[in-house]
Amino acid sequence: MAPAPSVDPNRTVMGTAPSLNATQTIKPVQCPICKTFNPAGMMFCIECGLIFDRALPDDAFGAPVVRLPVLVEANSGREHPIRPGVNIVGREGDVMLPDSKVSRKHAQLVSEDGVITVEDLGSTNGTLVNGDRLDAGSKRELNKGDTVSFGGVEVKLSLPGSAGATQMLGGNKTAALSAPTVAETTVEEKADDVEPAAFLVLSDNEIPLKEGVNTFGRKDDNDISIPDPYVSGRHGKIEVEDREIFFTDIGSTNGTFLNGTKLDVNVRTRIEETDQIVIGSIEFSLRLA
């Protein structure tokens with residue numbers, strides 16, 4: 001019997017290319033802090049901003065997960081999570097505010113034992129807390145709802161606390177969230193007795209819109225909830241006024257496309273009934289009632 005063929009370690013061995021007929025599974029990434037399912041390949045959580053290579057183990061020590069405090073920008077609604085320890089605020093840092101009036105390293109926030117303090121690092125245009133200017137190097141403890149201005153960029157402190165904690169099952173195991181697929185994605189509107197002024201039109205459904213501002217996104221506290229992993233927690237707003245419809249993307253991670261063109265952030269755009277809008281995997285139009 002002939003000996004088995006030997007393999008030359010210096011010789012390149014060709015493998016078999018993946019078959020197009022083979023099913024390949026791409027799993028979403030679940031954030032260990034806020035439990036949001038993120039699209040595959042994301043380096044940070046689209047909901048709370050946690051950088052995944054710094055993520056803590058799931059439910060360390062069996063403790064329920066508590067959402068991080070956040071700074072919410074007044075103009076855009078964009079959220080900046082505050083992680084335990086020192087957070088640098090500026091055009092460069094942990095909390096990035098790309099505004100020319102903000103210094104590169106403008107201030108720092110320290111979150112320790114449930115207490116958050118802010119300190120100005122000698123910025124050019126200063127830091128205000130509830131309208132009071134901080135001296136460079138001085139520290140001020142922040143409370144829920146406090147307004148902080150970094151060189152004119154105004155943010156408000158939100159402390160979700162235990163209200164956002166993940167519900168626990170027996171045995172200290174976290175209840176798993178199911179990531180919705182495209183086929184399972186639905187749009188839900190909040191119950192409202194107000195006569196609709198317009199409609200969000202899907203292929204098989206129409207969602208009523210009220211006169212004025214209608215917020216939408218993945219979070220349940222929006223007027224329209226869209227449980228799609230590519231839709232941001234607070235994605236945008238639809239305004240109906242004087243028989244006209246306006247659409248604004250308020251700083252979503254994956255953007256909004258109008259007739260195939262990506263909309264600029266925080267730009268109020270008038271919508272025609274023939275326009276097609278795409279957010280995440282959802283395509284829809286808008287029409288007046």
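In this predicted model, Asn130 comes out as partly exposed because its relative accessibility is 46%. Asn130 sits in the loop that runs between strand 9 (127-129) and strand 10 (132-133). For background, most residues other than glycine have a negative phi. Asp113 belongs to the loop between strand 7 (107-112) and strand 8 (115-120). With a relative accessibility of 77%, Asp113 counts as exposed, the cut-off for that label being over 50%.

Leaving aside residues up to four places away in sequence, Ser103 is in contact with Gly90, Arg91, Ser123 and Thr124.

Next come the charged pairs. The model holds 8 salt bridges. One of them joins Arg104 to Glu92, with the closest N and O atoms 3.2 Å apart. Arg104 lies in the loop between strand 6 and strand 7, while Glu92 lies in the loop between strand 5 (85-90) and strand 6, so this pair ties together parts that are 12 residues apart in sequence. Both partners are partly exposed: Arg104 has a relative accessible area of 45%, and Glu92 has one of 39%.

Another salt bridge pairs Lys210 with Asp223, again with 3.2 Å between the closest N and O atoms. Lys210 is in the loop between strand 18 and strand 19 (212-217), and Asp223 is in the loop between strand 19 and strand 20 (224-225), so the contact ties together parts 13 residues apart in sequence. Lys210 counts as partly exposed at 24% relative accessibility, and Asp223 is partly exposed too, with a relative accessible area of 26%.

The loop between strand 19 and strand 20 also supplies Asp221, whose partner Arg234 is in the loop between strand 20 and strand 21; this pair links distant parts of the chain, 13 residues apart. The side chains of Arg234 and Asp221 meet at 2.8 Å, N to O. Arg234 is partly exposed, with a relative accessible area of 32%, whereas Asp221 is exposed, with a relative accessible area of 52%. Elsewhere, Glu239, Glu241 and Arg268 are linked in a network of salt bridges.

Turning to the interior, nonpolar side chains in soluble globular proteins tend to be buried together. In this model, the largest nonpolar core has 23 residues, and those with the most contacts inside it are Leu200, Leu209, Ile238, Phe247, Phe284 and Leu286. The elements that give two or more residues to this core are strand 17 (198-201), strand 18 (206-209), strand 21 (236-241), strand 22 (244-249), strand 26 (277-279) and strand 27 (282-288). Strand 27 gives the most, with 4 residues. A second, separate core has 18 residues, including Ile82, Val89, Val129 and Val155.

What does Leu286 touch? Not counting residues up to four places away in sequence, its contacts are Phe199, Leu200, Leu209, Ile238, Ile245, Phe247, Ile271, Glu272, Glu273 and Ile277. Among these, Leu200, Leu209, Ile238 and Phe247 are also listed with Leu286 as the residues with the most contacts inside the largest core.

Ile279 has Ile282, in strand 27, as its bridge partner.

Conventions: Residues are numbered from 1 along each chain as its sequence is written. This is a predicted model: local features need pLDDT of at least 70, side-chain atom pairs count only at pLDDT 80 or more; totals for chains, interfaces and linings use all residues. Side-chain values use heavy atoms; hydrogens and water are left out. A nonpolar core is a set of buried Ala, Val, Leu, Ile, Met, Phe, Trp, Tyr and Cys residues joined through side-chain atoms within 4.5 Å. Buried means under 20% relative accessible area, exposed over 50%, partly exposed in between (1.4 Å probe, protein chains only). Contact means heavy atoms within 4.5 Å. A salt bridge is a side-chain nitrogen of Lys or Arg within 4 Å of a carboxyl oxygen of Asp or Glu. Two strands pair if DSSP finds at least two bridges between them.
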